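Hi,

Here is the model I promised to pass on.

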Amino acid sequence: MNQKQNPISNLLKKPGAQILLFVALAAGVQLLSGGGILPNSLVYALGNTLIYAIVAIGFCLLLGYAGLASLGTAGFIGVGAYIAYYMMQELGLPFILALAATIAVSLLLGIIVGFISLRIEGIYLAIMTLGLSETIRNLLMALKPTIKIDLNNLKLFGTPVSDTGSYYLILGIFAVLMLLVANLIQSPTGRAMLAMKNSTSAAQAMGISLMKYRLLSFVIATVFAALGGLLYMVHVRTMTTATSTLLTLTTSLNILGGVVIGGAKSLWGSTFGIFIIYGIQSMFLSKIQFFQKNPAFITMITGLLIILVVMFFPGGFAQIVWELKMKWQGRKLKEKEAAHES
Amino acid sequence: MKADSVLRIQDLCMYFGGVKAVDGLSFEVKPGEIFGLIGPNGAGKTTVFNCITQFYKPTSGQLLFQGEAGGEIDLCKKKVHEVIDLGIVRTFQNVEVIRELTVLENLLIAGHRQFQASLATQALHLPRLKREEKRIREKAEKVLGFMDLMLYRDRYAYGLPYGILKKIEIARTLMAEPKLIILDEPAAGLNDTETAELAGLIRRIRQEYQCAVLLVEHDMGLVMDVCDRICAISFGKLLAIGTPEEIQANEDVRTAYLGHPGKED
């Protein structure tokens, strides 16, 4: 059990350090594009992807830890987007108030869905949340088919938010939420959720209240999704329900797909999965002419990836990385033993 | 009120529609006693367990547990996840170990109620949580040592042999300051050596933790070996309560298990 590892790899095991490193890299991309080395569109696409990554982190907790399946993500994103529109564009309120309103409303919504999840489980819960999401989408469409926020209505602490500003805002919120969830996972709450996922009866016998943890996981997933919607309106600033897929089942499935590809129990894995689904598409594939002409092929690639991963690595990319690590450690152990014997 | 019993069950009835799974059953478990509940398949043994641990709310009857202060606590007023707070912990017939957690973490799950850190403390990993985590981890390691499971401490429960999983379940009950441990068929699926070990283990647990043990078991060898008293039931009704010798000699119990002598069906 003598783990004499170098201090850097030990430090990198801490979620705080991982997040700092990620933020530094993401800021580096922005700085490089500011210096003209990387295209501006890359940063924009990266910001966009990070928004979905925020949604995915919440979903990761819900699916990978609490073991609850939801297809309602898109509806919750819509709630955040419309609150952003009404608060900032219609009422001219600052971002911080829109943020507070988004959290408050989605919190309530999460509690309601959480209560429902106490009665309905598995595939029926997925269908129920899908129905709820569609209801929300139609409601929002009827309310206003196109929402658009003018740049000068986006105020953070009194100053208008620029493109760079919104990128860093997204990055900052991503980092904070990532840290909170990473900590939660490595605490009694995370264990309680896993227990609930594996065996509801054992969890209850051990003193875990299903109600508390189901509500909590739905609240987190719903709030994160709504925050994604809010940030979408800060970043993209416009959304037309007739053409955008943001509020449709596609988004819910993409988030689900990203989390499954990346590894439903790994936050970084899920983030990576979202990069595969949203990032690669918007950053690279959409630049290639073939895919521009045939956008359906992009979706096909995503679909194929999901099939391959689920068939061969049900734990997602996180499982691949983990297995490689185990192999590497096993080899090092053998080398050590060999050195010891000779 | 009788103060000399940990658990007192009075006229317990549990009906599922027209099926009377438990029908007017009464017995009591004394402090430090190993109490066996036996009966043919479908007699309602597990239903009794599920009623005690509040997985089922009984149709009627009383379930009284000896509280800390000496008064009796009505178990039916507790929620299923609050029962463990009283020191009533159970295992399951088909081992319910959390396979996605390590053996140590499985024990921490049982210590869940001992964490007082708020959600915010947990989300920020404040020192308070780290202190609690350390304290409960040490406790879990002590239990692992007692159960001779230290070897498996950091192994994921997934893929561990059945006998070990059963031991993990028993280890989990020891995390909760147990006053009454409820074992649902602890010997099912174990070989003879393991069953013999189990008998010793149950006695050691009673000795070390000063608690009562209530067990359902089909392995008559084990039941007759470890139990101080046995309650035999059939079709939800009480047949007999007594020492292993008395139960073995009881006509009704024999009939329930072997059928009527001379009557063919």
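Predicted model: local features only at pLDDT ≥ 70, side-chain atom pairs only at ≥ 80, totals over all residues.

**The sheet in chain B**

In strand 10 of chain B, Gly242(B) is the bridge partner of Ile230(B). Residues are numbered from 1 along each chain as its sequence is written, chains are lettered from A and ligands numbered from 1 in the order in which they are written, and side-chain values use heavy atoms, leaving out hydrogens and water.

Strand 9 (residues 229-234) of chain B runs antiparallel to strand 10 (residues 237-242) of chain B, with five bridges joining them. (Strands are DSSP E runs of at least two residues and helices H or I runs of at least four, numbered from the N terminus; two strands pair if DSSP finds at least two bridges between them.) The hairpin they form has two residues between the strands, and Phe235(B) takes a positive phi near 50° there.

With strand 3 (residues 34-38) of chain B, strand 9 of chain B pairs in the parallel sense over four bridges. Phe35(B) has Arg229(B) as its bridge partner, and Leu37(B) stands opposite Cys231(B).

Six of the six residues of strand 9 of chain B are buried (under 20% relative accessible area, with over 50% exposed and partly exposed in between; 1.4 Å probe, protein chains only), so the strand is largely enclosed by the rest of the structure. Arg229(B), Cys231(B) and Ile233(B) point one way, and Ile230(B), Ala232(B) and Ser234(B) the other.

The open sheet has six strands in the order 6-7-8-3-9-10 (chain B), with mixed pairing. Its edge strands, each pairing on one side only, are strand 6 (88-90) and strand 10 of chain B.

**Helix 10 in chain A**

His235(A) lies in helix 10 of chain A and is buried, with a relative accessible area of 3%. Its side chain reaches the backbone oxygen of Tyr44(A) at 3.0 Å. Not counting residues up to four places away in sequence, His235(A) touches Tyr44(A), Gly47(A), Asn48(A), Ile51(A), Ser166(A) and Ile170(A) (contact means heavy atoms within 4.5 Å).

Cheers

Notes
Polar contact = N/O pair within 3.5 Å; in protein donor to acceptor, adjacent residues only side chain to side chain.
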